[in-house]
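Subject: Handover of a structure, with findings

Dear colleague,

Please find below the structure that I am handing over to you. I would be grateful if you would look through it with the notes that come after it.

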Amino acid sequence: MKQLIAITGIILMSCVIISAVIIPANADSSNAYQIAQAFDEQDNVYVIKENNGSLSVYLEGESEPIITTETNVSVLPKNDQKELEQGVRVKGEKALQKALEDYCS
């Protein structure tokens, strides 16, 4: 009986030690990945401009749009149309989302 209790205690302690070592290591790497991903998204520069009459979004330096909306540029105010001819640069996904909400609403 004493042996069974001792073995159970050793197994229990081993499980506690292993979980204390493994779980925080995985949590740290997951947090680091999330932080790195957030910085990557914030660093992206997007260009919003007219493409075949529609409002489109490009990653800066790219020639193919990553998003094409159903918003027809011709219905926007003339000032917005002029800005979109040149391309409107925004940095980060939050700024992109806000700009698209402004143009598309």
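The notes below go from the overall fold to the sheet, the helices, the core and one serine.

Please keep in mind that this is a predicted model. The protein chain contains three helices and four strands, and from the N terminus its elements follow the order α-β-β-β-α-β-α. Of the 105 residues in the chain, 21% are buried. Among contacts between residues at least 6 apart in sequence, 43% join residues at least 24 apart.

The sheet

The four strands form an open sheet in the order S3-S2-S1-S4, and their pairing is antiparallel. Strand S3 (67-72) and strand S4 (88-91) are the edge strands, each pairing on one side only. From one strand to the next, the twist averages 25°. As background, the strands of a sheet pair through backbone hydrogen bonds, in either a parallel or an antiparallel manner.

Two of the pairings can be followed in detail. S1 and S4 are joined in the antiparallel sense by four bridges, and Tyr46 has Val90 in S4 as its bridge partner. S2 and S3 also run antiparallel, with three bridges between them. The two faces of S4 can be told apart: Val88 and Val90 lie on the covered face, while Arg89 and Lys91 lie on the uncovered one.

The helices

Helix H2 (residues 78-86) lies across strand S1 (45-51), S2 and S4, and runs at about 115° to S1. Helix H3 (residues 93-104) lies across S1, S2, S3 and S4, at about 25° to S1. H3 has 12 residues, and its span of 16 Å from first C-alpha to last is close to the 16 Å expected at 1.5 Å a residue.

Which residues of H3 are buried? They are Leu96, Ala99, Leu100 and Tyr103. These residues are on the same side of H3, because they cover an arc of only 100° around the axis. On the other side of the helix, Lys94, Lys98 and Asp102 are exposed. The buried residues of H3 pack against S1, S2, S3, H2 and S4.

In soluble globular proteins, nonpolar side chains tend to be buried together. The largest nonpolar core in this model has 13 residues, and Ile48, Leu55, Leu84, Val90, Leu96 and Tyr103 have the most contacts inside it. S1, S2, S4 and H3 each supply at least two residues of this core, and the largest share, four residues, comes from H3.

Leaving aside neighbours within four places in sequence, its contacts include Leu55, Leu84, Val90, Leu96, Ala99, Leu100 and Tyr103.

Ser54

Is Ser54 buried or exposed? Its relative accessible area is 19%; the cut-off for a buried residue is under 20%, so Ser54 counts as buried. Ser54 belongs to strand S2 (residues 54-59) and stands opposite Asn72 in S3. Apart from neighbours within four places in sequence, Ser54 is in contact with Lys49, Thr68, Thr69, Thr71 and Val73.

With kind regards

Notes. Residues are numbered from 1 along each chain as its sequence is written. This is a predicted model: local features need pLDDT of at least 70, side-chain atom pairs count only at pLDDT 80 or more; totals for chains, interfaces and linings use all residues. Side-chain values use heavy atoms; hydrogens and water are left out. Buried means under 20% relative accessible area, exposed over 50%, partly exposed in between (1.4 Å probe, protein chains only). Contact means heavy atoms within 4.5 Å. Two strands pair if DSSP finds at least two bridges between them. Axes are lines fitted to C-alpha atoms, for helices over the stretch in contact, and angles run from 0 to 180 degrees between N-to-C directions. The expected span of a helix is 1.5 Å times one less than its number of residues. The arc is that of the directions from the helix axis to the C-beta atoms. A nonpolar core is a set of buried Ala, Val, Leu, Ile, Met, Phe, Trp, Tyr and Cys residues joined through side-chain atoms within 4.5 Å.
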